[in-house]
Amino acid sequence: MTFSIVAHDPDASDGTEWGVAVASKFLAAGSVVPWASAGVGAIATQALANIGYGVRGLELLANGMSPGAVVELLTANDDGREHRQFGVVDARGRAATFTGGECLPWAGGRTGDGYACQGNILTGPEVLDAMVAAFHEPGDLTARLVAALLAGDRAGGDRRGRQSAAILIVREGGGYLGDTDVAVDLRVDDHPEPVVELGRLCEIHRLLFPRPSDLVFVPIDEALASEIGDRLARLGHLPHAVAAFGDEARGALMAFVGIENLEERWTDEPAIEEQVLAALRTASE
């Protein structure tokens, strides 16, 4: 009923990442399938999903067990294993996938360096082949996982249709204001085009919750200070235009940033992040 990919990116510019992306003709697949822990690995549990595979699997990975050994141990002790599907990638990018013999066709999996891709009730193996090919294209882990889902969906996907999609990405300190490890956690629970909608949400997320490496700050010189003061006045954040970027203008800009949920693009330096400036210009036209 589902196709998914679990993956590891050791070369992410802001720290090693682990992630899961999934799509299914199943309500809220994101509440069941994806599991991940920074520094430990990522897991997808699906078909007649055993939630314990996610919980226990991450514990076993954290204790140093290899993905293949995790799959072997968990399925060996599960009387329903022939109806399960399971993908695992560990802290080092080693991967394993399992498809029980009673999973509804077409069902199967692929593994490679840093990923495991699996699906059941698919139109055919071409779904996974397309996902793997798309995953190997350039981009950060979020972009590559979404691209894999889109490719799988376009290749036929779940042969029953579409309903939900989700993505979960973790890296140490990658969450909101650095206070958690959850860098991306987005779900489309019920939608006619869930994978397309997930891609749209990821673009919004990229704007509001950028990776540190995505931030580009522009020094505020006299000309830019005057422009910022004028635009903030147009929007009502200042009583009148100001030419200097002093405390008044800084406070007004901070208010605009907060209203637009762009606080992760803020700096206390006399500079403005490119996307904040673009948003200010658009809003004040």
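Keep in mind that this is a predicted model. Strand S2, residues 17–24, and strand S9, residues 164–170, run antiparallel and are joined by seven bridges. Within that pair, valine 20 has leucine 168 of S9 as its bridge partner.

The pair belongs to an open sheet of six strands, in the order S7-S8-S1-S2-S9-S10, with antiparallel pairing. Strand S7, 108–112, and strand S10, 182–188, are at the edges; each has a single partner strand, so one side of each has no neighbour in the sheet. On average, neighbouring strands here are turned by 5 degrees against each other, direction ignored.

Two helices lie across this sheet. Helix H5, residues 194–208, lies across S2, S9 and S10, at about 145 degrees to S10.

Is glutamate 17 buried or exposed? It is buried, because its relative accessible area is 0%, and the cut-off for buried is under 20%. Setting aside neighbours within four places in sequence, glutamate 17 has contacts that include His8, Asp9, Arg171 and Arg211.

The largest pocket holds about 400 Å³ of space. It is lined by 26 residues, and the closest to its centre are Arg171, Gly174, Phe209, Pro210 and Glu264. S10 gives the most to this lining, four residues, and H5 supplies at least two. By class, the lining has 11 nonpolar, six polar and nine charged residues.

Next, the cavities. How many of 30 Å³ or more does a search of the whole structure find? The search finds two.

The largest cavity has a volume of about 50 Å³. Among its lining residues are Phe3, Ala23, Ser24, Asp153, Pro194 and Val195. S2 and H5 are the elements giving two or more residues to that lining. Its classes are four nonpolar, four polar and three charged.

The second largest cavity comes to about 40 Å³. Leu253, Val257, Trp266 and Ile272 are among the residues lining it. Helix H7, 247–259, and strand S12, 271–273, each supply at least two of the lining residues, with the largest share, three, from S12. This lining divides into six nonpolar, one polar and two charged residues.

That is the list. Questions are welcome.

How values were computed: Residues are numbered from 1 along each chain as its sequence is written. This is a predicted model: local features need pLDDT of at least 70, side-chain atom pairs count only at pLDDT 80 or more; totals for chains, interfaces and linings use all residues. Side-chain values use heavy atoms; hydrogens and water are left out. Two strands pair if DSSP finds at least two bridges between them. Axes are lines fitted to C-alpha atoms, for helices over the stretch in contact, and angles run from 0 to 180 degrees between N-to-C directions. Contact means heavy atoms within 4.5 Å. On a 1 Å grid over the protein atoms alone, a cavity is a set of points where a 1.4 Å probe fits but cannot get out, and a pocket is an open set with protein on both sides within 12 Å along at least five of seven lines; lining residues have an atom within 4 Å of a point. Grid points are joined across faces, edges and corners, and a volume is the space filled by probe spheres set on the points. Ala, Val, Leu, Ile, Met, Phe, Trp, Tyr, Cys and Pro count as nonpolar, Asp, Glu, Lys and Arg as charged, and the others, Gly among them, as polar. Buried means under 20% relative accessible area, exposed over 50%, partly exposed in between (1.4 Å probe, protein chains only).
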